[in-house]
Amino acid sequence: MAKVIMNSLPPQLTKEELAELEAAEKLPVTFDNDSPEMTDEKLKQFHRMDTVTVKLSPNNMKKVKAFGTDYSKILSHLLDLALNDTELVKKCIPKGTP
């Protein structure tokens, strides 16, 4: 189930859109084949991944978004490749860092 915190919504929503969201918040959750209820057993199959915030320059952000909607997966893969390239990592570490 997705949970949206009302104060995290975009400010440009209309009063009607906000009213719809508030009404939807009061509806019961309906499970089906596409979105079954998650049991404790099913939840054990998942593992948590660490999340890191990386700041990009506006120029690099334009390049990244040009990859399409999956740009975060592409960035993750690029980072995996870069971190497994010892020579590239050495070039990025400031001199004097142990």
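Is Lys-42 buried, partly exposed or exposed? Lys-42 is partly exposed, because its relative accessible area is 31%, and the partly exposed class lies between buried, under 20%, and exposed, over 50% (1.4 Å probe, protein chains only).

This is a predicted model, in which local features need pLDDT of at least 70, side-chain atom pairs count only at pLDDT 80 or more, and totals for chains, interfaces and linings use all residues. Residues are numbered from 1 along each chain as its sequence is written, and side-chain values use heavy atoms, with hydrogens and water left out.

The protein chain has an average pLDDT (the predictor's confidence in each residue, from 0 to 100) of 85, and 92% of the residues score at least 70.

Lys-42 belongs to helix α2; helices here are DSSP runs of H or I with at least four residues, numbered from the N terminus.

Which residues does Lys-42 contact, leaving aside its neighbours within four places in sequence? They are Pro-36 and Glu-37, where contact means heavy atoms within 4.5 Å. Asn-59 is 17 residues from Lys-42 along the chain, and their C-alpha atoms are separated by 42 Å.

Notes: Helix = DSSP H or I, 4+ residues; strand = E, 2+ residues; numbered from the N terminus.
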